[in-house]
Amino acid sequence: MRPGEGRLLLLLLLAYGWLFVFFEKLNNPNELVRIYAGRALLEEHSWSIGRRTRFGDGGPVYSSWGYVNDKALVCDDPRAQPPACEGRLYAAKAPAASVLAVPVLAVLRLAGPLRKTTAVFALRWVWVILPSVLFWLLLRRHLLDTGLSADAALAVTLAGALGSLSLTYGQMFAGHQIAALALGAAYLCGFWRERPFWFGFFCALAVAAEYPSAPAVLILFAAYLRTHRRGLPFMSLGALPWVLVLIQFHWSAFGAPWSTPYGHLENPSFVQDIAPGFMGISLPSKERVYGSLFAPYLGLLFWAPWIALALVPRRHVAYAVVAYYLVFQVTHALWRSGWVVGPRYITPIVPFAAVCAALLLRERPRLLPVFGGLGAAAVAATGLASSVCQGFPLEVKNPLREVVWPLLTHGYSARNPLQALGVPGLWSALPYFAALAIAIALLMRRNAIAIVIAVVVMAAQWTAPAGEAGHGAAPFLASLWEPDPPPGSKPFSH
C-alpha cells in the first residue's frame, strides 16, 4: 500500500459497509428484480422470473419471494401487447447484475433456502461495496500519478466517494454503481495503465449493467482509439463475454438481439412515463434543469455541490462523459428518477466529475479550500441521508428536513454490528458517523475559507423550503424499519 492508504481503506469501509439500509417490506425493485433474475438463472436455468396468467403472476421464484416491480412481459400471443396478455415475466433491466448474482447466490444456497435480505446483503458487499472502495483507492493513485498534490488527491477521493451519488448507490445492488465502476475502471485501463483487454471488458460490462452507458462507452472508445489503435483486437476480445450475454438475453427473452426490455414493459405507468419524445428523449425544460441540478428533492449540485467545479469546460475525455450524462439527465422523460437520493440514473458521472475536479485543482491549486468546503457540505448531506434511506418518496421536497432529521432525532439507526449486540439508538451507528466526521475534517483542514463555505452551503441545504405533503414520509419509513422499532428509538406518534 502507498502512504495513507491503510487509513483511507478503513474509513471507506466503515462509510460504505457499516450500515445495512434495507427495507424488505418496501421490495425495492432496483435491487430485487435483478436478484429475482439471478435466482431464476441459478435454479430454473432461465431468464424468466415467472409467468402471468389470467389468475395472476406466479412461478417458482416469483411465488417464493412475492411481488416485485420493474418487470417485462413477453406475450404468448405475438399479436397481443403487454400488460393485457398472458406470457413470461422478465426483469426489465440490463442483464449484467443478474449474471453477477448467480455465483454469490449459489454459495448462499449451500447454507439452505435463499432469503431476500441475506441475498441483498451478500451481493452488496461482493459486487458493490468492496469494488467501490477499491475503485476510489485506485483513482486516488491515478490522480497522484498525474501530478496532483497529495492533499488535493485525498480531497477529491473523499468528496467523490462520500459526498456524491457514489455513496448512496455504492450500498445498493443495482445497475447504477456497477455501471459507474465499470466505466471508471475502463477509464483507468485506457488512460492510466494501458490494458486493452480490460478496457474492452469494462466498457462492455458498463452497457450490460445499464443501457444508457452506451454513449459514454462510445466516448471512451473514440478517445482511446485516437492514440491506441493497435489495441483493437484485444479490446474486442475483452468485450466479447458481455456482448454475448447481451445478445443471448435479448434473443432468448425478447426474440431478437436488438430487442430490449424497454419494448416489453408490463407496468402501464412506466410505458406512459417513457412515451414522450424519441425513446424517452426530448428537449430539456426549465423544470428538468432546475430539478436535476438544484432542487433539494433531486438536484445533483444540491447533494454534491463540489461537482460545480467539475463543470468548467475543457478538452478531456472525462469532461465529455460528464457533459453526456448531464444532457441525458435533462432530456430524458424519467429525469425525476422515482424514489432517490440525487439523480440516480447519472451515478456514473461521479468518477469522471472527480477527474475533472482534479484537473482543475492541479491547474489552480488555490481553489482547494473552495473545493474542500463544498466537499464537506456534500459529505454531510449525502452521508446523513444515506444513513436512513436510499430513496425518498416523490412528495418530499427537502429530504434533509422532512425525513433525515426526524428519523435521526427519533434514534432510527439502520442495522449494523453494534445494534446486533444491543447498542441502542444512534450510538450503534457511531463508527459510520465518525467516518463522515473525519472525512469532513480532512476536507476542511482547519482552513477558514473551507469552513465558511461548508457552513454557508450546509445552512442553505438545511433551510431550503420543505413541503407539507412530505411530512408523512418519515413515519412511513419508520413503519417499514427492521427491526421494528430499532433498539433505543423513539416511535413516531400517530
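Trainee: Which residues of helix 2 meet Lys 116, Ala 119, Val 120, Leu 123 and Arg 124 in helix 5?
Mentor: Bear in mind that this is a predicted model. Helix 2 spans residues 29-43 and helix 5 spans residues 116-145. The contact between the two divides into six nonpolar, no polar and three charged residues. On the helix 2 side, the ones you want are Glu 31, Leu 32, Ile 35 and Tyr 36.

Trainee: Is helix 2 roughly parallel or roughly perpendicular to helix 5?
Mentor: Look at the axes, which come within 11 Å and cross at roughly 100°. Angles of 65 to 115 degrees get one label, so helix 2 and helix 5 are roughly perpendicular.

Trainee: And how do helix 1 and helix 20 sit, oblique or roughly perpendicular?
Mentor: Helix 1 is residues 5-17, helix 20 is residues 430-444, and their axes are 8 Å apart at an angle of about 130°. The crossing is left-handed. With that angle, the pair is therefore oblique.

Trainee: Which residue follows helix 20?
Mentor: Helix 20 has 15 residues and reaches 21 Å from its first C-alpha to its last, close to the 21 Å expected. What comes next has a positive phi, near 50°, and that residue is Arg 445.

Notes
Residues numbered from 1 in each chain as written. Predicted model: local features only at pLDDT ≥ 70, side-chain atom pairs only at ≥ 80, totals over all residues. Heavy atoms only, no water. Axes fitted to C-alpha atoms, helices over the stretch in contact; angles between N-to-C directions. Helix = DSSP H or I, 4+ residues; strand = E, 2+ residues; numbered from the N terminus. Parallel < 35°, antiparallel > 145°, perpendicular 65-115°, else oblique. Left-handed = near helix turned anticlockwise from the far one by under 90°. Expected span 1.5 Å × (residues − 1). Contact = heavy atoms within 4.5 Å. Nonpolar A, V, L, I, M, F, W, Y, C, P; charged D, E, K, R; others polar.
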